[in-house]
Amino acid sequence: MVATDKARGVVQAVSGPVVVARDCPASMYELVRVGHERIVGEVIRLEGSSVTIQCYEATDALAVGDPVERTGMPLTVELGPGLMSSIFDGISRPLEKIATLSGSVFIPRGVDVPSLDRERQWYFEPDPALSVGRLVTGGDWIGSVQETPLILHRIMVPPGTMGTVEWIAPSGWYTITDTVLKVSHQGVSKALSMMQRWPVRQPRPIAEKLVANTPLITGQRVLDTLFPCVQGGTCAVPGAFGVGKTVISQALSKYSNSDGIVYVGCGERGNEMAEVLRDFPELTMSLADGEQVSIMNRTLLVANTSNMPVAAREASIYTGITIAEYYRDMGHDMSMMADSTSRWAEALREISGRLAEMPADSGFPAYLAARLASFYERAGRVKCLGSPERTGSVTVVGAVSPPGGDFSDPVTTATLSTVSVFWGLDKRLASRKFFPAVNTNISWSKNIQALEPWYDAHYPEFPSIRQTVRQILQMEEDLSEIVALVGRDALAESDKVVLAAATMIREDCLQQNSYTSYDAYCPFLKSMLMLRNIVLWYELAQKAVAEVDRDAGATSASNRLTFAGLRDVQMDLLNRLSRMKFLEPSMGDDALRRHLDALRDDIVKSFRERDWALTA
């Protein structure tokens, strides 16, 4: 298509990814094609007849006088069957298709490949509730496509579209551009296909925002029990280089109870994204009938590495959240992993500097907090548009990479003021190979109160267990200074019990080995029962020490129960407590409960048989 003069402009200046064009009457955030190679760009500033464009591809060899072509539309993403199990770049171009066409491992500049395959056919099943003459509006189900074994893709009326049904396609095989529904509104007929487009910067509309009250089960005990996140919540995972941000993001992608995962590598190192692209297709999960399927059946990857143009980082973030919202509108619970938002913020800082904007703290633009907040606000549990009535959610987990692990960094500070969960990673724990390296003293969650109804319905004993565990860890923190000064032997016997319980909680429960079948993923039931047994032993040990101390009196030191005596007599029991994590989750909830309930009964029995206590 040859553009008219009104749709063309001319390059006036080039500064890295920022291009200034004149005589180009474009709109704000309009998509344009720059230069003879038609590089993809987006208008970010209007000044009279001049526009400022941020380019999503390398601007090498661009020259003053090169053409700038308007497209008349904003940066959009194609939505329809074929998204799941795909790999895109930051502006939603399919990398596998580009590699096939170009025959190269590099992306040619200006390549224009549609996101979705126009030739692949899908088996479309019309919705049984739909009939000719019925009024439909945005969000109504038209039919369904079994996109993958894990994802039932609901074909919906695009938002903003309404009319009376004139024709419905029968069951059969169709491409995404074939007409599957015709509607008429005010005498105008419109054909709808299985594909729709949506501007990435505009949140998709919803009927109502709801309170998130279901936990996001991650399979990591420290996260699920002490700092839970809800489906539809927002979570920040800040930490220095090498502490495990990417590992946690990938663990959530592999094992969380979400229906689908959108993993966005936002400016990450190429080797990390290469590891994701290599490992994810090989990972499997079990269906209800026991069949093993690849987790790529519920995963979409947006690969944007650090050597790609910085402006594309912003596009990758918005592309990922828009796709997650699309699946949310079907009624799915989606999770989006952004790794990492610090790279996006660095791109904002570079673009802002080239635009000569007034810098704020550390050179970041003054609108950094507003941009981050507008992104995280697109998460949430919602009542979807259209019929049938349904709910869906988008959970956003954003990794943050503050320089040197300094949590006072402007990006970390702005993020923590927005999110509801903070998983702070500690470099000291990471250096000890402690995974997940979550510092329990600085991490927090604002979702505890919202999850109380869920706990009451499924695990009514858990809130008190969690509170006791938090108290034990806090007491250990307080005692650590005393131990550093006078040593562990100078502590009271009750304090030694506290330290022993805290050690069991940290090393035998909160620490996990992702390379093992028993510890890579932990069901919530197993996590809760493990903590329950440790808390039970702690409470009974404290009572035993206190009772013997009181009965024996200050003058009967020889009859006093010491922690050393308790440990020697209960050596086998303590060993069984430390080995709880070796129970395989594959044995099922009933078997896990039987084994851990039997251990609980043995703990109670050991403290009831108290004759040994007076002679220990």
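Biologist: What makes E493 and K496 about one helical turn apart?

Modeller: They're 3 residues apart in helix α12 (residues 493–510), so about one turn separates them. Keep in mind that the model is predicted.

Biologist: And why is the contact between E493 and K496 called a salt bridge?

Modeller: The N to O distance is 3.5 Å, and the cut-off is within 4 Å, so the pair qualifies.

Biologist: How do you know whether E493 and K496 are buried or exposed?

Modeller: Buried means under 20% relative accessible area. E493 has 11% and K496 has 17%, so both count as buried.

Biologist: Which residues share salt-bridge partners in one network?

Modeller: E42, R201, E314 and R371. Within it, R201 and E42 meet at 2.9 Å, N to O.

Biologist: What makes R201 and E42 a tie between separate parts of the chain?

Modeller: R201 is in the loop between β17 (196–199) and β18 (208–210), while E42 is in strand β4 (residues 39–47), so the bridge links parts 159 residues apart in sequence. E42 is buried at 1%; R201, at 22%, is partly exposed, because that label covers the range between 20% and 50%.

Terms used. Residues numbered from 1 in each chain as written. Predicted model: local features only at pLDDT ≥ 70, side-chain atom pairs only at ≥ 80, totals over all residues. Heavy atoms only, no water. Salt bridge = Lys/Arg side-chain N within 4 Å of Asp/Glu carboxyl O. Helix = DSSP H or I, 4+ residues; strand = E, 2+ residues; numbered from the N terminus. Buried < 20%, exposed > 50% of the residue type's maximum accessible area, 1.4 Å probe, protein only.
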